[in-house]
Amino acid sequence: MEALLRVTDTIKSFRETRLSAIRSPAEFFDYQRISRPADLNTATQRISYNTRYFSGNYGLIIAILAVYALISNPLLLIALGFLVGGFAAINRFAPDPVQFGDTVVTQKHLYTGLFVIGLPLLWLASPVMTFFWLVGASGVVILGHASFIEPGVESEYAAVENTV
């Protein structure tokens, strides 16, 4: 019961901190503010401002791309489900050693079997490729959006606010 309370508190604090920073879709997809940056310095300033301003939206984009990457790689989903389910099953159903005839099977034996089957399966699922795809895809989307969207008028006053 205590674990359930901790999970709900964590979800509530995540909703208050991260999800409150999500900007409206009308502001995020404002096509009237799209323009090509004049030079690299302008692009860097835009990226710096927009990554802070739209951080909640960018986090949501990364989460959506991660879910897409897991769904589009079913072997990775099966391997992760096998490993996580195996850990949960071993912890829940076999906390004590079990004897089968003359053989005693402990948690250590079960974990070894889980690793012997699960790690090659996970290796075949290529999680490293999926991770680098996620980094590349989110980087292109986020840096592209952040560099082409002009900061709003409020960005001019952000420097004044910090000095006051």
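What covers the buried residues of α6 includes α5 (74-93) and α7 (127-148), where helices are DSSP runs of H or I with at least four residues, numbered from the N terminus. This is a predicted model, in which local features need pLDDT of at least 70 and side-chain atom pairs count only at pLDDT 80 or more, while totals for chains, interfaces and linings use all residues. Residues are numbered from 1 along each chain as its sequence is written, and side-chain values use heavy atoms, without hydrogens and water.

The buried residues of α6 (under 20% relative accessible area, with exposed over 50% and partly exposed in between, for a 1.4 Å probe and protein chains only) are Y111, L114, G118 and L122. After α6 comes S126, whose phi is positive, near 50 degrees.

The structure holds 10 aromatic pairs, defined by ring centres of Phe, Tyr and Trp (its six-membered ring) within 6.5 Å, with planes under 30 degrees apart counted as stacked, over 60 as edge-to-face and the rest as tilted. Two of these pairs are listed here.

| Pair | Type | Centre to centre | Angle between planes |
|---|---|---|---|
| Y49 and Y53 | stacked | 5.5 Å | 15 degrees |
| F87 and Y111 | tilted | 5.5 Å | 40 degrees |

Because F87 lies in helix α5 and Y111 in helix α6, their pair ties together parts that are 24 residues apart in sequence. Y49 and Y53, by contrast, both lie in helix α3 (residues 40-53), four residues apart, about one turn of the helix. Y49 counts as buried because its relative accessibility is 13%, and Y53 does so at 14%. One aromatic cluster is formed by F28, F29, Y49, Y53, F54 and Y58.

Conventions. Helix = DSSP H or I, 4+ residues; strand = E, 2+ residues; numbered from the N terminus. Contact = heavy atoms within 4.5 Å.
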